[in-house]
Amino acid sequence: TGTIDDADLGHYVSSVALDPYTEAMILVATSPNAASVLYKVKARTLKVYGRLQLQNLGSPEQVRSVVVDEGPRLAHVLMQSKTQSELLQFQLAAVITVEPRITHTTGGTVVTVFGEGFVPFNTLQCVFDQDEAVQFGPATYVSPAVLRCLTPPANT
């Protein structure tokens, strides 16, 4: 939405973590009687560009702390409800768009993946899902915001 729209609901900032790789903040808004909301915020502009509303499963899921682990590109989130505590992990890399969106079924098409937080691992793969048949294709790291993938032939 571009703004933190929960301020009028009595939310307060309960935790903040910085992802130095993407220069983004993970900001958590919490209220005593509602589930927490995680926001992804551009550190330089303070523009919100991601939002995750946690659930009310019997009692509201509330975040107590967030820590960014730069090596594996994970956010560790400690959540608590009335009955239990839970540690969750979220991948920090994100896909924004893919071009082209349609490719030939014979495979061999180079697909460019645009996103953020990509890391040059030794073995990268793209996952292609067609009619519930998952296939993998090799990927090449171009930059923290670009990957190139080669489509496999479609299962026929």
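Which residues form a nonpolar patch on the surface? Val127, Val134 and Phe136 do. Together they have about 290 Å² of accessible area. The model is predicted.

## The surface patch

Valine 134 sits in strand β13, which covers residues 133-143. Its relative accessibility is 48%. Buried means under 20% and exposed means over 50%, so valine 134 counts as partly exposed.

## A buried alanine

Alanine 35 belongs to strand β3, residues 34-42. Is alanine 35 buried or exposed? Alanine 35 counts as buried because its relative accessibility is 2%, and buried means under 20%.

What does alanine 35 touch, leaving out residues up to four places away in sequence? The contacts are His11, Gln53, Leu54, Gln55, Asn56, Pro60 and Glu61. Take glutamate 61 as one example. In sequence, alanine 35 and glutamate 61 are 26 residues apart. In space, their C-alpha atoms are 4.8 Å apart.

## A three-stranded sheet

Now look at an open sheet of 3 strands. Their order is β7-β8-β9, and the pairing is antiparallel.

Strand β8 spans residues 74-80. With β9, strand β8 pairs in the antiparallel sense over 7 bridges. Valine 77 stands opposite leucine 88, a residue of β9.

Conventions:
Residues are numbered from 1 along each chain as its sequence is written. This is a predicted model: local features need pLDDT of at least 70, side-chain atom pairs count only at pLDDT 80 or more; totals for chains, interfaces and linings use all residues. Side-chain values use heavy atoms; hydrogens and water are left out. Patches are made of residues with over 30% relative accessible area and no salt bridge: like charges are joined within 9 Å, nonpolar side chains (Val, Leu, Ile, Met, Phe, Trp, Tyr) within 5 Å. Accessible areas come from the Shrake-Rupley method with a 1.4 Å probe; for residues, only the protein chains shown count as cover. A salt bridge is a side-chain nitrogen of Lys or Arg within 4 Å of a carboxyl oxygen of Asp or Glu. Helices (H or I, at least four residues) and strands (E, at least two) are DSSP runs, numbered from the N terminus. Buried means under 20% relative accessible area, exposed over 50%, partly exposed in between (1.4 Å probe, protein chains only). Contact means heavy atoms within 4.5 Å. Two strands pair if DSSP finds at least two bridges between them.
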